[in-house]
Amino acid sequence: MALLFIAIILSIPAYGFLIWSLYEPDEAAFFLDKWRYKEVPELSDLQKKLNKIANIVLIILLTIVLIALAIDAFTPEPPIPDMEEYDWDY
């Protein structure tokens with residue numbers, strides 16, 4: 001259960017960045033790197049399209065991972081078998 005909570009908390013900024021980079025691919029591509037350039041280079045249309053495809057794929061994968069963690073966290077453990085049921089006389 002704690003792992004699910006930590007995963008959800010850590011996925012909030014990841015979702016935020018991925019959604020932001022869908023709408024602002026130029027800004028997201030040079031996030032924290034603008035200081036390196038006198039003039040920020042522009043991305044080509046192909047780079048923007050590939051960036052959007054990669055962001056959509058990552059959003060889908062992150063959602064699948066969170067759903068799998070939730071299913072695993074809320075699945076009850078199987079009961080411990082009662083050892084008295086078995087015939088131990090050989």
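Predicted model: local features only at pLDDT ≥ 70, side-chain atom pairs only at ≥ 80, totals over all residues.
Residues are numbered from 1 along each chain as its sequence is written, and side-chain values use heavy atoms, with hydrogens and water left out. The chain averages a pLDDT (the predictor's confidence in each residue, from 0 to 100) of 90, and 91% of the residues score at least 70.

The secondary structure comes to 3 helices and 0 strands, where helices (H or I, at least four residues) and strands (E, at least two) are DSSP runs numbered from the N terminus. Read from that end, the elements run α-α-α. Among these elements, helix H2 (residues 25-29) has the lowest mean pLDDT, at 89, whereas helix H3 (residues 45-74) has the highest, at 96.

As for overall dimensions, the C-alpha atoms fill a box of roughly 85 × 25 × 20 Å along the principal axes. Of the 90 residues, 17% count as buried, which means under 20% relative accessible area, with exposed set at over 50% and partly exposed in between (1.4 Å probe, protein chains only).

Contacts, defined as heavy atoms within 4.5 Å, can also be sorted by sequence separation: among those between residues at least 6 apart in sequence, 63% join residues at least 24 apart.

Leu-62 lies in helix H3 and, not counting residues up to four places away in sequence, touches Ser-11, Ala-14 and Tyr-15. Leu-62 and Ala-14 are 48 residues apart in sequence, yet their C-alpha atoms are 8.8 Å apart in space. Because its relative accessible area is 21%, Leu-62 is classed as partly exposed.

Asn-55 also has its place in helix H3, and, with residues up to four places away in sequence again left out, Asn-55 touches Leu-18, Ser-21 and Leu-22. Is Asn-55 buried or exposed? Asn-55 counts as buried because its relative accessibility is 5%.
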